[in-house]
There are 2 protein chains.
Amino acid sequence: MNSNSVTIAVDVMGGDNYPEAALLGINIFLKTNKNVKFLLFGDENLIQKYLKSYPLLNEFCEVIHVEEKIGDNWKVVEALRNGKNTSMWQAISAVAENKAGAVVSAGNTGALMAISKMVLKMLPKIDRPAIINYLPTKKNPFVILDLGANATCTPENLLQFAVMGDAFSKVVVDVKEPRISILNIGSEEMKGNSTVQEAAKLMTDHKKLNYVGFVEGDQLFDGNIDVVVTDGFSGNIALKVAEGTSKFLAWWLKKPLKKSILAKIGFLFLIPSLLKIRHSIDPRKYNGAMLIGLNGISVKAHGGSDKIAFASAIDATYKLIKGKVNKKIEEELNVE
Amino acid sequence: MNSNSVTIAVDVMGGDNYPEAALLGINIFLKTNKNVKFLLFGDENLIQKYLKSYPLLNEFCEVIHVEEKIGDNWKVVEALRNGKNTSMWQAISAVAENKAGAVVSAGNTGALMAISKMVLKMLPKIDRPAIINYLPTKKNPFVILDLGANATCTPENLLQFAVMGDAFSKVVVDVKEPRISILNIGSEEMKGNSTVQEAAKLMTDHKKLNYVGFVEGDQLFDGNIDVVVTDGFSGNIALKVAEGTSKFLAWWLKKPLKKSILAKIGFLFLIPSLLKIRHSIDPRKYNGAMLIGLNGISVKAHGGSDKIAFASAIDATYKLIKGKVNKKIEEELNVE
């Protein structure tokens, strides 16, 4: 470990495949990046056997034994009231106490959001946190927020989302001057509701944002936009419809394989190409939705994460810390 | 033609491939269904040569010569002010005057909506028209509305949409007792905004609706829901994101074909199966978005429709007339 090292707190008790997905994911990450120290929050008995088997984990991880964990079905109120002694809460607290630069968990999303908000507090000049992530396109990945934290938003909320998306795109996707857009149901200026129209004006007037206009749902994957701003209702629907459509089409494409011997032969020839494609648009590469807008970095790995997906979440988290994403947001809000 | 015959007014001057797509589409339809008479609105000089070449068109179509047409780029205000002598307006008027049971156009969407609303007026007890269509799933197609006519909606609007979607599902998709759902960002009762929560209560209380709860974007294509109700903002985004995702994935799948000889060979073996799939989920089969809620049937064929797509739109229109969709809606609204 050198002086550039950062520390990431990990709640290893969250998600469907705990603690293995988190621990083996960290191990994958450590193979190519040894500048990170990990604080592992969870049941020591479960964790120790992995530390014994994986020398990298043993070298770069410190275990903080926590017996309790947040249940997958806990309601937010329940988590806030009874969650203090859980692995998730303790991992988040490590960020608030400056013992770690970020926290990662594959646990209960509502609980992670609520506890992060309570423990880390908001960034100055940000009213609401948003869920942010990025998705592949024909060219560069695009960043999209909010993905579900806020069902209704004001134009001012959307402007703050734009500033946060701008910083995220620069830091994680490495875009120099991100093209910012608002998701709408038409590209003409007068389309949509008054919220998006008013937000468009605010973004046009903002000195530091490269606002390029409205974008429609069918243009998201063309690669001509770097940041897509939307309220949490539309953003969540966009994300999930994209997911549902992909699954549906995959199901359709596989159907003939069950019936036709010709199709089976054809598929064998296609395997090498499909594996290449799979690598490029593997959803596990796009894991690690950040709760952006908080005074600290809190990353949600997908509940179904395997080790590859968890390693991606760690990788995104590392970039967020190294890129000082929150400092960038504060700077942009100050020039407003 | 027998006593069961219906009449459909067609604006043959709309869309990218006018008048050919409309005329050859009607010809395809007439090959299997001779119970429809068509009133063709448009330039007689362009239409006549098709009538000479296609005996079915000659037998079942009457031409109403109209010189003017609505421009593709006309604004709504422009269309309402200057559109009276166009093929679209005249075709819509034929429905208002009971000369036709429905109108179909592949022309300017905004103009078709505005003129239809002005000329046909609303159904009793319906406050706003909605754009409705259906999409394929793993099982039966599902019906979804509103797809973009109303950017913001009240809970009462959504209830009326549910009633209209229920009737459409029965008439066009042939579902006996459609399962009605509201698009939301979570399936739990407390999720989303107050509009969807209030709408859910109204639908639960409605005697004639089989309301089954919220549905999320990733579940739309599973085939467990028959009608998806949403405001025009979310609905338009859902539809277009599904379209964009499909195009993006098709682009990805074709990529290796350019580079790999193995992939090319594999693709040859797959062609028979792919053709079968294509037939099942061919977007041209799902053409013909209806503007529902008006006192008359007005159907929008996709601007890019070819003859196959136009034939589908005619087929859907025929079902809407024969199924007396508007009468069904009025009956359900009366038992409220």
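Student: In which helix is Ile261(A) found?

Tutor: Ile261(A) lies in helix H10 (residues 261–281) of chain A. Helices here are DSSP runs of H or I, at least four residues, numbered from the N terminus. This is a predicted model, where local features need pLDDT of at least 70 and side-chain atom pairs count only at pLDDT 80 or more. Residues are numbered from 1 along each chain as its sequence is written.

Student: Why is Ile261(A) called exposed?

Tutor: Its relative accessibility is 63%. Exposed means over 50% relative accessible area, buried under 20%, and partly exposed in between (1.4 Å probe, protein chains only). Ile261(A) therefore counts as exposed.

Student: What makes H7(A) mostly covered?

Tutor: Of its 19 residues, 17 are buried. Just after H7(A), Asp174(A) takes a positive phi of about 65°.

Student: What makes the pair Glu216(A) and Lys240(B) a salt bridge?

Tutor: A salt bridge needs a side-chain nitrogen of Lys or Arg within 4 Å of a carboxyl oxygen of Asp or Glu. Here the N to O distance is 2.2 Å. Between chain B and chain A the count is two salt bridges.

Student: How many residues does each chain bring to the contact?

Tutor: Chain B brings 50 residues and chain A brings 50 residues. Contact means heavy atoms within 4.5 Å.

Definitions and conventions:
Chains lettered and ligands numbered in written order. Heavy atoms only, no water. Helix = DSSP H or I, 4+ residues; strand = E, 2+ residues; numbered from the N terminus.
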